[in-house]
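The following paragraphs are a guided reading of a two-chain structure. Please keep the sequence and the three-dimensional view at hand while reading.

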Amino acid sequence: MPILEARNLTKTFRRPDKASGFKGAVKHLAQRKYKNYTAVDGIDLSIEPGESVAYVGPNGAGKSTTVKLLTGILRPSEGTVRVMGRDPHTERIANAHDIGVLFGQRTQLWWDLPVEESLKLLKHMYGVSDADYKARIARFDELLDLGEFMPALARTLSLGQRMRADLACALIHAPKMVYLDEPTIGLDISVKDRLRAFLRELVDDGTTLLLTSHDLADIEEVCERIVVIDKGAVAYDGPITQLKAHYITTKAVKLFLEEAADVPALELKYPQYEWAAGEAPSEVVVTYESARFTTAEVLGGLTAELSPRDLSLSEPSIEDVIRRLYAGELTK
Amino acid sequence: MSSAFAVDRAFAVIAFKRRLAYKTQWLVGLVLGGGAMLVSMAMWRELLSGGALSGYDWDAMRAYVIIGFITATMVFGAADWQIADRILDGHVAIDLTKPVDFQRARAAEYIGSMCSTVPTVVFGVAGAWLLFDPPGPVSVTAGILTAVSLLLVFPLAFGITYLTVLVCFWTKRYLGVMWLREALLGFFSGMMIPLAFMPSWLQAIAWALPFPHFTTTPSAIYLGHVDTAGALGLLAAEAAWAAGMWFGARLIFNQAVKKVTVHGG
C-alpha cells in the first residue's frame, strides 16, 4: 500500500492582471482583473514506504507547490492526496505528527534563540521522550556536527550550519515520510557531501523520502526514483537507472594526443564514431553508441592507432538528460 | 501536567525568551509605558483641578488611569508583529507542518509574551501608587470582580490581536490594520478619555463593540459606577466577547488558511 498517493493533483492560483505603470495601477484600482495560473496540473504520484524519490523540474515548474500540497499547507484546487491514509490538509495535525519537512529557503529555527531552544520546543510538539531526544541529538551530532552550534543563536549561524540544524528539526521525531525542498541550496561542496551521506543513511534506515533539488548530484547520490515535472505536469516518472539506460545511449572518450589532432582525417578513417576537437589542439573527443560498441573495443582500436599519452572516459550525466527533457527533446 | 499543556508551556517560554532577547526594546517599552501613565496623570490632575467632570473627580481618575495603564500594557505589549511577519513572509507554511493547533499555539505565545510585561505593570502600578495614592475599590466584592474583569482582558486582548493579525492573510500588509485596531481600541475602550465624556450615541456604538471591556468595565466595577448585578452583567458580556472571538477566530482561520499562497520555495 502506498505511503503517499496523489491523484489528479491540481493547484490553481488567482493572480492580479495589472498593466504596468501608473495608468495600470489606477486602472487596476478601479477595475480589478485577475488571471488564473495553474501551478500544478493534474499530477498523479504514488510512493511506496521506504522509497527515495527525487522530484525535479525547472524553476516555476510547480515542485514547491506540490510539496506544499502533499504536506497539507495548501488545499488542492482539484484532485486528492492521501498520506498514510489521511488527507494532509483536512487532517493537518494528525498528518504533521508523521511527516518531517525542510524548506531550504525558509528556516524553522526561532531566529533570535539558540538552536537548542528550537529543538526542545519541537521535542515537546512531537512528544519525543527524553531518551529518544538524547539519542537522536547524539546521532545528529555524530553525522552533522550539531553540537558545535547548539548553543548559538540561529541568526548567527552560517548557511551550512543553519541547514544542518533545520535538518535536525525536520527529523527530531523520526518521521516516516520526509519532504526535503532544496536541502542543499547555497551550500559548499563539503557540507553537501555530509548532508548527502546523512540522507543516504536515512533512506537505508527505511525512511520514505521525497527530495526536490536543482542539484542533480543530490538526486543521483540519494534517490532511486526520479519524477521530472515541467509546467506543472509529470514529464517522466521511473527509476533513475532506467532513465539513464533509456536516454543515455552514447559515451565519450577524450584522447590527449602527443601532437595536434586532425579531426577531419579521423572522421574519414573512423566514420562509425562522432569526432570533435577538444579544448587544446592535441585533444580530441570521440563519441560512440554504447549499444553498438563496447568501450574496450573503441579504446583497443584507437589507442593502437593514435598512441594517446592519456585519456578520460565520460558518461553523459543525468543532468544532460534532464536538460534535454526540459527542452522537450526527449519524450516520456 | 498533560502533554498538551507541556506544549503550551513550551510555546509560552519560547515567546517570553524571545521578548527578553531584545533587552533594549523591552526596557524602552517599560520606560515609555510608565512615562505615558505619568503624563496622563498630570494631564487629568490639571483638567480636574476645577472639580469633577462627567462623574469623574481626581480620586476616581487616579484609579481609572492606573487600570487603563494595566489593560493597555496587556493589549499593546503583545508580540503581534512576530505572528504577522510569519504570515506575511510565508513562514506560516512551516507552522502549518507542525502538529499543533495554530490558534492555541499563538495564544500560548501571547501569554508568554505578556509575562514579559509583568515588570512594566508591577513597576508602573507601584510607582503610581506611591506617587498618587489612588483610592481602593468601593468594596471587597468590587475588588474581586475587578480582578476577574482584568483577567478576562487577557483572552479578550488575544482575540482582538489575533483577529487583526489574521486579516494579514487578505490584506498582505499589517501596519494599517494594526493602526486601525489601536485607534479603535484607544478610542472606544476609554483608554484615551472615559466613555462618560462622549455623547450618548457614541457611547451606544462603543458598548455594541468589545472595546469598552478593556478599560471601562474594570474601572466601572472598581469605582462602583455599577452595582454587583450590573458588574456581573458586564463580566458576562466581557466573557461572551472573549469566547465569541476565540470561536470566531477559528472560523476565520479556516478561511484564511485557504488564502495561503506561498510561492517560490
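How many residues does the contact take from chain B, and how many from chain A? In this predicted model, the contact takes 24 residues from chain B and 30 residues from chain A. On the side of chain B that touches chain A, helices α1 (3–21) and α5 (92–95) of chain B each supply at least two residues. The largest share of that side, eight residues, belongs to α1(B). Sorted by class, the side of chain B that touches chain A consists of twelve nonpolar, seven polar and five charged residues.

Helix α4 (residues 115–126) of chain A is mostly covered, with ten of its twelve residues buried. These buried residues are V115(A), E117(A), S118(A), L119(A), L121(A), L122(A), K123(A), H124(A), M125(A) and Y126(A). The length of α4(A) can be checked by reasoning: at 1.5 Å a residue, its twelve residues should span 16 Å, and the end C-alpha atoms are 17 Å apart, which agrees. Just after α4(A), G127(A) adopts a positive phi of about 65 degrees.

Chain A also has positive phi values at residues other than glycine. M84(A), which is not a glycine, has a positive phi of about 50 degrees. M84(A) lies in the loop between β4 (78–83) and α3 of chain A. This residue counts as buried because 20 other C-beta atoms lie within 10 Å of M84(A), and the cut-off for burial is 20 or more. A174(A), likewise a residue other than glycine, has a positive phi near 50 degrees. Its place is in the loop between α6 and β6 (177–181) of chain A. With 16 other C-beta atoms within 10 Å, A174(A) is partly exposed.

Two packed helices are described by the angle between their axes and the distance between the axes. For helix α3 (residues 58–76) of chain B and helix α7 (residues 118–132) of chain B, the angle is about 170 degrees and the axes are 10 Å apart. Helix α3(B) is therefore roughly antiparallel to α7(B), since angles over 145 degrees are classed in that way. From α3(B), the residues R62(B), I66(B), F69(B), I70(B) and T73(B) meet T120(B), V121(B), G124(B), V125(B), A128(B) and F132(B) of α7(B). The residues of this contact divide into seven nonpolar, three polar and one charged.

Among the elements covering the buried residues of α10(B) are α3, α8 (140–166), α11 (200–207) and α12 (216–223) of chain B. The 15 residues of helix α10 (residues 175–189) of chain B should span 21 Å at 1.5 Å a residue, and the end C-alpha atoms are 21 Å apart, which agrees. Which residues of α10(B) are buried? They are R181(B), L185(B), F188(B) and S189(B). Just after α10(B) comes G190(B), with a positive phi of about 95 degrees.

Notes. Residues numbered from 1 in each chain as written. Chains lettered and ligands numbered in written order. Predicted model: local features only at pLDDT ≥ 70, side-chain atom pairs only at ≥ 80, totals over all residues. Axes fitted to C-alpha atoms, helices over the stretch in contact; angles between N-to-C directions. Helix = DSSP H or I, 4+ residues; strand = E, 2+ residues; numbered from the N terminus. Parallel < 35°, antiparallel > 145°, perpendicular 65-115°, else oblique. Contact = placed C-beta atoms within 7 Å. Nonpolar A, V, L, I, M, F, W, Y, C, P; charged D, E, K, R; others polar. Expected span 1.5 Å × (residues − 1).
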